[in-house]
Amino acid sequence: MELKKVFAFGLLFELISLATGLDRSDFPSSFLFGTATSCYQIEGGYLEGNKSLNNWDVFTHMPGNIKDGSTGDVADDHFHRYMGI
């Protein structure tokens, strides 16, 4: 397990080093930067507030689909933090 942490830290360091070498002028002026995520990664609030199930709710709750049995029931818990519930 410790080796995984060392590897992850090394990889993160390399990625940061590469990213800091970039400059806006390295890209065409028409290039748009952006990010993306999915609601399943941040939402949380499984089965609360009249939310309906999505395909990931169903998939992660089926035994054997996720190796460690984890789900996105809590995730980043945006449902409670943003809504103040």
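Modeller: Buried means under 20% relative accessible area, exposed means over 50%, and partly exposed lies in between (1.4 Å probe, protein chains only). This is a predicted model, in which local features need pLDDT of at least 70 and side-chain atom pairs count only at pLDDT 80 or more, while totals for chains, interfaces and linings use all residues. Residues are numbered from 1 along each chain as its sequence is written, and side-chain values use heavy atoms, with hydrogens and water left out.

Biologist: What percentage of the residues of the protein chain count as buried?

Modeller: The protein chain has 85 residues. The share of them that counts as buried is 11%.

Biologist: Which pattern does the protein chain follow along the sequence?

Modeller: Helices (H or I, at least four residues) and strands (E, at least two) are DSSP runs, numbered from the N terminus. The protein chain has four helices and zero strands. Read along the sequence, the pattern is therefore α-α-α-α.

Biologist: Is Asp57 buried or exposed?

Modeller: Asp57 lies in helix H3. Contact means heavy atoms within 4.5 Å, and Asp57 touches Tyr40, Tyr46 and Ser52, not counting residues up to four places away in sequence. Because its relative accessible area is 10%, Asp57 is buried.

Biologist: Which residues make the nonpolar surface patch of about 450 Å²?

Modeller: Patches are made of residues with over 30% relative accessible area and no salt bridge; like charges are joined within 9 Å, and nonpolar side chains (Val, Leu, Ile, Met, Phe, Trp, Tyr) within 5 Å. A salt bridge is a side-chain nitrogen of Lys or Arg within 4 Å of a carboxyl oxygen of Asp or Glu. Leu15, in helix H1 (residues 2–20), is partly exposed because its relative accessibility is 48%. The patch is made by Phe7, Leu11, Leu15 and Leu18.

Biologist: Is Asp77 buried or exposed?

Modeller: Asp77 is found in the loop between H3 and helix H4 (78–83). Although Asp77 is not a glycine, it has a positive phi of about 60°. With a relative accessible area of 17%, Asp77 is buried.

Terms used: Areas by Shrake-Rupley, 256 points an atom, 1.4 Å probe, with all protein chains shown as cover.
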